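Please look over the model shown here. A short report on its packing and selected residues comes with it.

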Amino acid sequence: RGLRSTSYRRAVVSGVDLDGSANCKKKNRMSQPILKAVVEDKEKFSSLGRIKKMLKGQGTFDGEENAVLYQNYKEKALDIDSDEESEPQEQKLDDKVVFHYKPLRSTWSQLSVVKKNGLSEAISQEERKRQEAIFEVISSEHSYLLSLEILIRMFKNSRELSLTMTKTESHHLFSNITDVYEASKKFFEELEARHQNNIFIDDISDIVARHAGSTFDPYVKYCTNEVYQQRTLQRLLATNPAFKEVLSRIESHEDCRNLPMISFLILPMQRVTRLPLLMDTICQKTPKDSTKYENCKQALKEVSKLVRLCNEGARKMERTEMMYTINSQLEFKIKPFPLVSSSRWLVKRGELTAYVEDTGLFSKRTSKQQVYFFLFNDVLIITKKKSEESYNVTEYSLREQLLVVPCDGEEPGSSPGKNAAGMLHSARNSASYLFRLVLLSNHAGDRVEMLLGAETQSDRARWITALGQDSDGHHTDRTTLAQVEIIRTYTAKQADELSLQVADVVLVYQKVNDGWYEGERLRDGQRGWFPSECAREITCRATLDKNMERMGRLLGLETNV
């Protein structure tokens, strides 16, 4: 799975019946794409001689019966430690293992028509790297399109699977995936035509910019539906045995390569977020004093705008759904206020232990109470949990009225009272990870001081970061931060976590000893927490500098969209 697989896949540009049954015959499956040999630009490459025509009926990428799906495809542009050479390095294998290795024709330099005529050696190294970067957009789109075809043919169009759920559930699962497929097909066909026109691809920026600006509109709708999609799939797997059985049978089909349906469903979001990185790589390889560079920057701007729209659509839908759900679960024991607002969203929620000093007639003792916090971007609501779906509101305060302090030691002026030391000692004996929270003014205008305990070290760090709004984090010099590369996909399970894809680069703001990092995703500047086991630290100085330059370009464009 880890090997880079950037070869062209079986054709996905014709012959698929998107409305047909999952049991369609082989003749309805996608045919193999044929990339014909082309004639080079005589003016630029006259010294190379004419490119010989390939055998009749034999395409550049024919014969790849075991094409790797996009789930296992790693773009070279995302390989941050790549030396940018096109030839694959020799595999280091165990001497006892017999391994028949067939090199993947994954790059422009490895195309038979290029190798046969020595074209790669006849141009400059800079131009060759640029050709590789351009060609990778085409080859990766082809791989992605093949995976979409399998999603539609094997899952969406499966009559057996559709009979196990309602039409509404089916719509929530697959949304407008057919429209997404058609948009990708148009994009690939135009890229392929440009490639067939000349083996030396002059530019694809105009194609990318045009499709990102109009053809790719279905991506925004699909990504906006993500919250319904995930919730529906989870519910069906948990409560519908017939659905689960049929799905498992389809996933084990040889065409699906034993990959779960969810890995196909999330591909549109993965693909759209990778496009800016692919275009940025082309920008890096293009001379900055050329018109091609300006065209490439415009294409990068268009795909960055598309990603922003997709992210905003997904976030807005998820936040709105969450707000209505939480609002229905809260019961105000104090003066209520309207919770649902288009400008309000959940930042973090969870249970904490509150330590309260009880004063008796002859003694004082510290008791524990469980409290449940709902922290929004502008207000903190403190509740007591009645059940999994019911909470009594006991207090609330504007977020700007919060002051949070860790309890690593006694800080001057931070004691909540004259008996704080005794209460702190008692609380520490309970093995909780402690911090203090001060509500400078609660719903009644009163000052409230709380000693709180979290179950884990990372949970305390996450609450302190969320409650304190990390005012210093926005002024941190990013060049001083550690960087990690994501080596395993992670899906956020809480509001303050960060979903990550393999090859994502993250700047690390905090490291907690029990295995959690807080970081900022390089490709879009989103911040959140993730398990350290999903990441590998980047140590190469050149790679660190290159990543910071890329982040500057991507975020700089994003702010000017």
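**Basis.** This is a predicted model, in which local features need pLDDT of at least 70, side-chain atom pairs count only at pLDDT 80 or more, and totals for chains, interfaces and linings use all residues. Residues are numbered from 1 along each chain as its sequence is written, and side-chain values use heavy atoms, with hydrogens and water left out.

**Overall make-up.** The protein has 17 helices and 13 strands. Both are DSSP runs numbered from the N terminus: H or I of at least four residues for helices, E of at least two for strands. The protein has 561 residues, and 51% of them count as buried. Buried means under 20% relative accessible area, exposed over 50%, and partly exposed in between, with a 1.4 Å probe and protein chains only. Take the contacts (heavy atoms within 4.5 Å) between residues at least 6 apart in sequence: 68% join residues at least 24 apart.

**Helix 4 with helix 7.** Helix 4 (residues 125-156) packs on helix 7 (residues 177-197) at about 150°, and the axes are 9 Å apart. Helix 4 is therefore roughly antiparallel to helix 7. Axes are lines fitted to C-alpha atoms, for helices over the stretch in contact, and angles run from 0 to 180 degrees between N-to-C directions. Under 35 degrees counts as roughly parallel, over 145 as roughly antiparallel, 65 to 115 as roughly perpendicular, and the rest as oblique. The crossing of helix 4 and helix 7 is left-handed. That term means the near helix is turned anticlockwise from the far one by less than a right angle; clockwise is right-handed. Nonpolar covers Ala, Val, Leu, Ile, Met, Phe, Trp, Tyr, Cys and Pro; charged covers Asp, Glu, Lys and Arg; the others, Gly among them, are polar.

**Helix 9 with helix 14.** The axes of helix 9 (residues 217-224) and helix 14 (residues 291-329) come within 7 Å and cross at roughly 25°. Helix 9 is therefore roughly parallel to helix 14. Their crossing is right-handed. Y219, V220, C223 and T224 of helix 9 meet L306, L309, C310, G313, A314 and M317 of helix 14. The contact of helix 9 with helix 14 has eight nonpolar, two polar and no charged residues.

**Cysteines.** The structure holds zero disulfides, a disulfide being a pair of cysteine sulfur atoms within 2.5 Å. For C283, the nearest cysteine sulfur is that of C296, 3.0 Å away.

| Residue | Relative accessibility | Class |
|---|---|---|
| C283 | 3% | buried |
| C407 | 4% | buried |
| F435 | 0% | buried |
| Q494 | 38% | partly exposed |

**F435.** F435 sits in strand 7 (residues 433-439). L451 is 16 residues from F435 in sequence and 6.1 Å from it in space, C-alpha to C-alpha. Leaving aside neighbours within four places in sequence, F435 contacts several residues, among them C407, L451, W463 and L467.

**Q494.** Q494 lies in the loop between strand 9 (482-486) and strand 10 (505-512). Q494 and R349 are 145 residues apart in sequence, yet 8.0 Å apart in space, C-alpha to C-alpha. Not counting residues up to four places away in sequence, Q494 touches K348, R349 and R462.
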